[in-house]
Amino acid sequence: MPEQVENSEVKSPTYDISKFRLKRILNNNIVRKSISLLGTFPYISETDDAIVVFEKNAYQESDVSTETASKESPAKPSYFSAELKVETEFINNIYGSFQVVPSLNLCGVKSTVIYPATDKHIEKYSICQKYLIRETPDLYESTTLPYINLSQFSLEWVYNILEHKKETERIVFEDRDPETGFILLPDLKWDGRNVENLYLLGIVHKHDIKSLRDLNGSHLPLLRNMRQSAKDAISKRYGLNPNQLRMYFHYQPSFYHLHVHINPIRNDAPGIWCEKSHMLDTVISNLELLPDYYKRVTLPFVLYEGNKLLDLYEEKLTVRSVAAAISESKEREEEPVVESAIEGFSDDDPEERECKRIRLATPDPKEAEATAQACA
Ligand code: M7G
């Protein structure tokens, strides 16, 4: 049975964020200054889960302008205005510490709501253990592909964009060619205010490319077109140097319709980690060298605790249990030497015991291939 991950019947429900009731905090990221919350909108439904994500906005350089308004350049909101409320914490010698509250239009918080949210969304926004899987082409066919065919997030929002039903006014560039065309528009994650942390998505018009894994040499014209046309459009619209842009695919993506992520390299956008991102330039180069590269390559990717695919991999490989075996052996090392504790090793000499420990952490050659797929 397909796992119900998102109800495609739901068409943009309306809700009042201020009426959100918190059930629990899923994640509080102090570095990103973002918090993900699980709760409900009880006035709509007591049972449907909602996820609300708040993220403090990055500074815009104009926010700290001290220029006075003139006829040519009317005043923009700035921290340094009469509206700034200042509370002094302390002043010690040449050092001062304050809490300041700027004018209302500088206090915005980027908010994302997913409603109704599924278990899969809750898993995506929660902190949990992560594991690295090394996916061979066989493992992709036998394990990952059947899973994503049965259980994946709805692509309704992607089709809404491609069919010009939603976010039409946000489109930055479109090439309508059915084979090599795509739509370029702001990602949900971008606050839309600050070019410093610009985050755009290039979504291909072709419907049959789920992810990086499906790419082959025949897609090179599409990929090259995305690279060039997106750079040109971004340079024209935002004045950014195309050589300062990071363009990449996620593997595994959350949404299985090919899309490229684009943001400036000087900004550490969420999800740029090496275990998840594949640069568009590298992908093009790999396909130029070997048109079936992604049919043959082993691709690492990360699975989160709670994801059913992790359970499926656990049945085939040693994923979680490697850590369990290692910590078990460490515990044994730390246990006081009493008769019962050494019972398991009672007829081994110390060298033999050491070998057993090493074997727990380093599988013997027969097991090596299976274990090598996973790394806890
Ligand atoms: P991904 O690599 O499939 O998943 O990227 P992940 O990065 O979330 O792990 C999908 C991208 O689409 C993400 O960067 C999302 O922020 C973005 N995105 C998701 N939704 C539902 C929307 C949407 O409705 N509109 C837009 N513009 N972007 C979205």
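Below is a chat about this predicted model, its ligand and a few of its residues.

Me: Quick overview first: how many helices and strands does the chain have?
Reply: There are ten helices and 15 strands in the chain. This is a predicted model, by the way.

Me: And what share of the residues count as buried?
Reply: 39% of the 376 residues do. As for surface, the chain exposes about 22,200 Å², with carbon and sulfur atoms supplying 52% of it.

Me: OK, on to the ligand. Which residues are closest to it?
Reply: K124, E167, D187, K189 and H250 are the closest, out of 17 residues that surround the ligand.

Me: How does that shell split by class?
Reply: Seven residues are nonpolar, four are polar and six are charged.

Me: How much of the ligand's surface does the protein bury?
Reply: The protein buries 89% of the 590 Å² that the ligand exposes when taken alone.

Me: Switching to helix 5. Which of its residues are buried?
Reply: In helix 5, residues 280-289, the buried ones are L280, V283, I284, N286 and L287.

Me: Why do they line one face of the helix?
Reply: Looking down the axis of helix 5, its buried residues fall within an arc of 160°, so they line one face.

Me: What do they pack against?
Reply: The buried residues of helix 5 pack against helix 4 (220-238), strand 11 (245-250), strand 12 (259-264), strand 13 (277-279) and helix 6 (293-296).

Me: Now T144. Where is it, and is it buried or exposed?
Reply: T144 is in helix 2, residues 137-150. T144 counts as buried because its relative accessibility is 0%.

Me: What does T144 touch?
Reply: Leaving out residues up to four places away in sequence, T144 touches E135, L139, Q252, F301, L309 and Y313.

Me: Last one: where does R21 sit, and what does R21 touch?
Reply: R21 is in strand 1, residues 21-29. Again not counting residues up to four places away in sequence, R21 touches L38, G39, T40 and P42. The C-alpha atoms of R21 and L38 are separated by 8.4 Å, with the two residues 17 apart along the chain.

Terms used
Residues are numbered from 1 along each chain as its sequence is written. This is a predicted model: local features need pLDDT of at least 70, side-chain atom pairs count only at pLDDT 80 or more; totals for chains, interfaces and linings use all residues. Side-chain values use heavy atoms; hydrogens and water are left out. Helices (H or I, at least four residues) and strands (E, at least two) are DSSP runs, numbered from the N terminus. Buried means under 20% relative accessible area, exposed over 50%, partly exposed in between (1.4 Å probe, protein chains only). Contact means heavy atoms within 4.5 Å. A residue is near a molecule or strand if one of its heavy atoms lies within 4 Å of it. Accessible areas come from the Shrake-Rupley method with a 1.4 Å probe; for residues, only the protein chains shown count as cover. Ala, Val, Leu, Ile, Met, Phe, Trp, Tyr, Cys and Pro count as nonpolar, Asp, Glu, Lys and Arg as charged, and the others, Gly among them, as polar. The arc is that of the directions from the helix axis to the C-beta atoms.
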